[in-house]
Amino acid sequence: MAAPQATPAVAAPQGAPAETAPQGTPERVAHASLRAPEIAHAAPQRKLSTGRRGPADPVKSLMHRHRELCERAVDPLEIAAGLEAHGVTDRTAARYRHRDVFSLAEELFARVPGFAGEPAGAVSAPAHDIRTRAAWSLRALLPGAACLATLVTLRLTEGVLGGEARLAIGSGGTLLAFTGLALALHTGPLSGGGRSAGAANLYGCWLLGYALYGEALLHQVLSGGPEGPWAITPAPLLGLAVAVAPAAWCAHLFSVHAQRKLNGSRALEEFAAGVRPLLFGAVAFFFCVLIGLLYLAGLGTGDGGAPVGAVGLGVLLLLARLLAVHGFPEPAAAGLAAACAVEAAAPALVLAGRLPGLDAVARPVDALVTAAGTGAVPAVACGAAALGLLITATVALSRASAHTAV
């Protein structure tokens, strides 16, 4: 009896996914994400293609060019985000006989086999882990708690302890606050995923230092100094420290809802149009909360009101952190550096104006301070930098590749 002949594989039609293997194909676990650790999504079952394409297959060259991306992806969304990061748009996908990038990614996902591994269901999703959220929420409260405890201690010991003891209390409280801030930025929604952010951290420390001492320094420089001790304004630092927790939750909610938008989108333009209101909503909510916290901090310390410069600084720091978390640390550092440059230039220009023949150099700073006070300098510096980062974030965070590990 003649052996039965093998049935030949039927070529799949152009622009449609190929035939798939049986359902027993092992699932794979998502590789290390560069985004905030609480964002995760389950990997669907990987299907292997048994179809063959003819020599006129337009997707074949793209498949070989991005084979590593396709092999390591846990779902078509990661391939779509990777293609977008390489400049592939919906218009480009039309040249490969697909209506959009998502459809093209689905075919690539089906045709390129992936690495086998543990079932994705064995990995719990941190986004739904209450203990994880509680842990980073408590860490985000540490900077504000340290600053508040330090100010209360200094207020209670006023006139009781000497200057050296009070200086030690203030220094210890500052160290605790920065330690808590480092812990809050190391894990959770504000974590940069291990990326080097040395320059950005340095710029952030400068901006916080100026919020504490800058206005007093500029006032002394304008009045002929500096001379004598500088007065400090602790209210902005206290308000910004307490605002770390709301900032973490704004970043968390933005990332979670952006991921849901990505899972439900069928085109890059559709996702971009849906994620922009999320970004504006998160920034606006934090803006309102920050004004309230700074106002309460001003009342508590006797400074009064909510300084405009501190509000701009808080929004600037949030936008810079969002960009860094989602893979854009360079523009974030550039925005912080621009604000630092403006704040450093103000007293430098006033001092340079004392030299013979350079009176005109100090006139812009004099005019600004005369019109709106010394607080106008950090307000202009941080406000302009925050506006620039908001425009940058609107473009960068509207891309699918900013919300999917590729």
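**Helices, cores and cysteines in a predicted model**

Colleague: How many helices and strands does the protein chain have?
Modeller: The protein chain has 15 helices and 0 strands. Helices (H or I, at least four residues) and strands (E, at least two) are DSSP runs, numbered from the N terminus. This is a predicted model, where local features need pLDDT of at least 70 and side-chain atom pairs count only at pLDDT 80 or more, while totals for chains, interfaces and linings use all residues. Residues are numbered from 1 along each chain as its sequence is written, and side-chain values use heavy atoms, with hydrogens and water left out.

Colleague: What share of the 406 residues is buried?
Modeller: Buried residues are 44% of the 406 in the protein chain. Buried means under 20% relative accessible area, exposed over 50%, partly exposed in between (1.4 Å probe, protein chains only).

Colleague: Which residues have the most contacts inside the largest nonpolar core?
Modeller: Leu 108, Leu 207, Leu 316, Leu 323 and Leu 397, in a core of 66 residues. Helix 12 gives the most to this core, with 10 residues. Another core, of 9 residues, lies apart from it and includes Leu 217 and Val 369. A nonpolar core is a set of buried Ala, Val, Leu, Ile, Met, Phe, Trp, Tyr and Cys residues joined through side-chain atoms within 4.5 Å.

Colleague: Moving on to helix 13. How far apart are its end C-alpha atoms?
Modeller: They are 34 Å apart, which agrees with the 34 Å that its 24 residues (329-352) should span at 1.5 Å a residue. The expected span is 1.5 Å times one less than the number of residues.

Colleague: Where is the kink in helix 13?
Modeller: At Ala 345, shortly before the proline Pro 347, and it is about 25 degrees. The bend at a residue is the angle between axes fitted to the seven residues ending there and the seven starting there.

Colleague: And what do the buried residues of helix 13 pack against?
Modeller: Helix 8 (198-222), helix 12 (308-325), helix 14 (363-372) and helix 15 (376-396); contact means heavy atoms within 4.5 Å. Among the buried residues of helix 13 are Gly 335, Glu 343 and Pro 347.

Colleague: New topic: how many disulfides?
Modeller: The structure holds 0 disulfides, a disulfide being a pair of cysteine sulfur atoms within 2.5 Å. For Cys 250, the nearest cysteine sulfur is that of Cys 288, 10.0 Å away.

Colleague: Is Cys 250 buried or exposed?
Modeller: Cys 250 counts as buried because its relative accessibility is 6%. Cys 147 is buried too, with a relative accessible area of 13%.
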